[in-house]
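I'm opening my notebook on a structure that is new to me. These entries follow what I looked up, one topic at a time.

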Amino acid sequence: MHDLTGGVTRFQRDVFPGKADLFARLTHVHAPHTLFIGCSDARVVPELITGSEPGELFVIRTAGNLVPAHGLSADGVAASIEYAVDVLGVSDVVVCGHSGCGAMTALAEGQDLSTTPAIAAWLRHADAARARCTTSDVAALVHSNVIAQLANLSTHPSIARALTHGEVALHGWVFDIATGRIDQLDAPDTPAARAA
Ligand SMILES: [Zn+2]
């Protein structure tokens, strides 16, 4: 196993002391300003790419940064969205896709996913992204997928309610691994744009 315990030791020795006051404050306060929904991809680290400190981002990471539309079954993503918006009162929600996304590559290339049925089923949440994408270009699908997931996001009652009252703004981003650049997308036909 990779030496995670060595990393923990370095954190406790080199990092934590400099943030001791922050962590002391955070002992009693959990008030993130942003819900960040990103891909589980190990190369896309929300706090790093946004320069955020502990306590600032409420993070959901899923394969392909997919957000299932609101439904009636128990759903960890839905529960986390509701908690961030209704309980914690975040003011902004970011859906962040990224270059070289494995999930989007699988879809764009039409890869055979029959031996990975859970992945195949999960990626159905990107059907709308695929439908609106006229090429097999991965970058185009990454972009289209962020827009589609913003639309899915707005079907959640907590988000719909907050948008109606002007209490939350939705943002679509694409992070480029090679350059560190973040493109902020327009979402012309989603509530995100209307709320902006
Ligand atoms: Zn990804």
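**Metal site.** For a donor I take an N, O or S atom within 2.8 Å of the metal (3.2 Å for Na, K and Ca); water is not among the atoms, so sites may look incomplete. Before going on, I note that this is a predicted model, where local features need pLDDT of at least 70 and side-chain atom pairs count only at pLDDT 80 or more, while totals for chains, interfaces and linings use all residues. Residues are numbered from 1 along each chain as its sequence is written, and side-chain values use heavy atoms, with hydrogens and water left out.

Which atoms hold the zinc ion? I found C39 (SG), H98 (NE2) and C101 (SG), at 2.1 to 2.3 Å. Along the sequence these donor residues follow the spacing C-x58-H-x2-C. Helices (H or I, at least four residues) and strands (E, at least two) are DSSP runs, numbered from the N terminus.

**Aromatic rings.** How many aromatic pairs are there in the whole structure? My search gave five. Rings of Phe, Tyr and Trp (its six-membered ring) pair if their centres lie within 6.5 Å; planes under 30 degrees apart are stacked, over 60 edge-to-face, and the rest tilted. F16 and F23 are stacked, with 5.0 Å centre to centre and 20° between the planes. F16 is partly exposed at 34%, and F23 is partly exposed at 24%.

I also noted F58 and Y83, a tilted pair with 5.9 Å between centres and 45° between planes. F58 sits in strand β2 (residues 57-62) and Y83 in helix α4 (residues 76-87), so this pair ties together parts 25 residues apart in sequence. F58 is buried at 15%, whereas Y83 is partly exposed at 36%. F11, F16 and F23 make up one aromatic cluster.

**Salt bridges.** I counted a salt bridge where a side-chain nitrogen of Lys or Arg is within 4 Å of a carboxyl oxygen of Asp or Glu. The structure has six. In one of them, E53 meets K19 with the closest N and O atoms 2.7 Å apart. These two are 34 residues apart: E53 is in the loop between α3 (46-50) and β2, K19 in the loop between α1 and α2 (20-26). Both ends are partly exposed, E53 at 33% and K19 at 25%. Another joins D41 to R43, 2.7 Å from N to O; here D41 is buried at 15%, but R43 is partly exposed at 45%.

Note on methods: Buried < 20%, exposed > 50% of the residue type's maximum accessible area, 1.4 Å probe, protein only.
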